[in-house]
Amino acid sequence: MNTLLKNKSMQLTIISGFLILLGIIIEQTSFAFLAPYIFILSFIIGGYKQAVNGFKDTIESKRLNVDILMVLAAIGASIIGYWLEGALLIFIFSLSGSLEEYAMNKSTQAITALMNLQPETAKRLKDDGSIEEVPVASLQIGDKVLVPKGTSVPIDGEILQGTSLFDEASITGESIPVDKGASDLIFGGTMNLSNGITMTVTKNPDDTLFAKIIKLVKEAQSTPSKTATLLNKIESVYVVIVLISVPIAIAIFYFGLHWTWNESFYRGMVLLTVASPCALVASATPATLAAISNGARQGILFKGGAFLENFVQLNAIVFDKTGTLTQGRPQVTDMVLVNHINQDTVFSLVAAMESTSTHPIAQAIMTYINLKPQDYALITDLADHTGSGLSANFLGSEWKIGKLDFVNSESLTADDKGTIVSLQESGKTLVFVQKDNQVVTYFALLDMPKAGAKEMLSYFNHQGIETIMMTGDNQKTGQTIGNQIGISQVFGNCLPEEKVSNLQNIQKKYPVIAMVGDGINDAPALANASIGIAMGGGTDIAIEVSDVVLMDDHLDKLSYCHKLSAKLRKITIQNMVFSICVILLLITANLFQYINLPLGVVGHEGSTILVILNGLRLLRKID
């Protein structure tokens, strides 16, 4: 309530209402001749801002708007001596405008809250070890900055010293803090929760992820949806029709129905008021702004209302595999010991050999073995055979680890060979371990689906939206993952340009397609889809090439986008139907002389307020 009363428009509206009460009281006294002047003052104070804005918009855009209708109706009522009615019209119109301004501000609180999280100063470390407080805008790449416990990170950078927990909800929408240490990236606007750290600046202030998020949300909120654009186009035509219809209606009332001139003109002013499309024009924009703000709080950035609005119209959704539907790194799914070899011996040898490699497969095997360095075998003569594997000596025996053609496959039994073929057909990568020309173990690895992938795809399949995977991996691997998570179609062995041609072929059957990728090798396909969606954990390239950015890799955000879009459409349709019905009802009531001007204004402006408040329901998180 305090925020509402601090609204300058609301303050002027309250003064306008007070003057109307004063005028009504004075009308009952011997100073009644002063009442019209008080009502005129109420006109000026209550309606000045919207009248100026209305005429200014008309001049700049060269099109009429609903504010002009309200001003003309109030002036018309006053001309025939209905000072009080005219003043009430302006007061209620002003009250509606003030509440609309308040409601619109509520829908942009997400971006305001984000901006408030961004600190204005930083503690920069000088070469002599002293600390100076400087504006964040003056920081440069390479500067060392101290971030104390309980303060916001001032700018994007890399941790130089220390470890701490960081609340990254402002970036990713996730409430669970992230533990970070030396060399890890941290983002401006996130909160340092547990320990003071020293960081090195890696981005200029205007280039930070946080700055880009704020820019994106602002741009999205200023870019209308297709429905809002259509309604705005209709507004100017509608206003012209109303302005032409009013004098025709007055003539019909006076010459056709033989009403008095005052009554005919009065009914014309009521028609001018109730036929105004204020509520209809407000059916889409506040709801769209609220939905964009809702998405921003969940770590979903829409680059415009049109992309949010289109989401519910999807016919198909296409996914990259690696890093999008899968974790982007292989995991050991099977391990087979051959010829009764001792597992501990194999693990200690493999750990000693693979510990020197940074290859993702080596790291996956190390994670699976999970040994401490003191348990590694003491190997000698370790050699890296590029593209094939590793070899080493241990207690007089030669050990190898690598591809099938790097070891002696003839040492495998028929049963082992059958198992290997079965694993390969399921899309798994195999790594073999050999001792003295005899294969003793093999590991099977697969890039596993992300948590929530199956549930997300089930949601879209249930909605009748075709789910498709396009991957650079082979068809068997792609199909294995697709079968696990329930995807409808799989295209394997796709180069970036082939993804585009496949996408164009799919669009012939499914006109509205979303493409979900990591924003780098998928950039051409993202650009060609109806809606490009980047899942890049907030990477720069993801923000650049896509229409929608998911600031983390949580796949449930995709189904949330669809639910949010569906609710936006539902509320927009509700608003439009309600607005049209109210206009028709008020016009009919005026023709039968059932309503007066103040009641018409209450019905008209009340419907506008209800439409806006209905749209603001989209600020709430959707279940």
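In this predicted model, six strands form an open sheet in the order 12-17-16-15-14-13, and their pairing is antiparallel. Strand 12 (326-337) and strand 13 (380-385) are the edge strands, each pairing on one side only. On average, neighbouring strands of the sheet are turned by 15° against each other, direction ignored. As a bit of background, the strands of a sheet pair through backbone hydrogen bonds, in either a parallel or an antiparallel manner.

Strand 13 and strand 14 (residues 389-394) run antiparallel and are joined by four bridges. For His385, the bridge partner in strand 14 is Gly389.

Helices also meet the sheet. Helix 17 (residues 414-425) packs on the sheet and touches strand 12, strand 16 (429-435) and strand 17 (438-449). The direction of helix 17 makes about 20° with that of strand 17. Helix 19 (residues 475-485), in turn, lies across strand 12 and strand 17, and runs at about 55° to strand 17.

Ala453 belongs to helix 18 (residues 453-462). Its relative accessibility is 0%, which is under the 20% limit, so Ala453 counts as buried. Apart from neighbours within four places in sequence, the contacts of Ala453 are Leu325, Ile485 and Leu555.

Conventions. Residues are numbered from 1 along each chain as its sequence is written. This is a predicted model: local features need pLDDT of at least 70, side-chain atom pairs count only at pLDDT 80 or more; totals for chains, interfaces and linings use all residues. Side-chain values use heavy atoms; hydrogens and water are left out. Helices (H or I, at least four residues) and strands (E, at least two) are DSSP runs, numbered from the N terminus. Buried means under 20% relative accessible area, exposed over 50%, partly exposed in between (1.4 Å probe, protein chains only). Contact means heavy atoms within 4.5 Å. Two strands pair if DSSP finds at least two bridges between them. Axes are lines fitted to C-alpha atoms, for helices over the stretch in contact, and angles run from 0 to 180 degrees between N-to-C directions.
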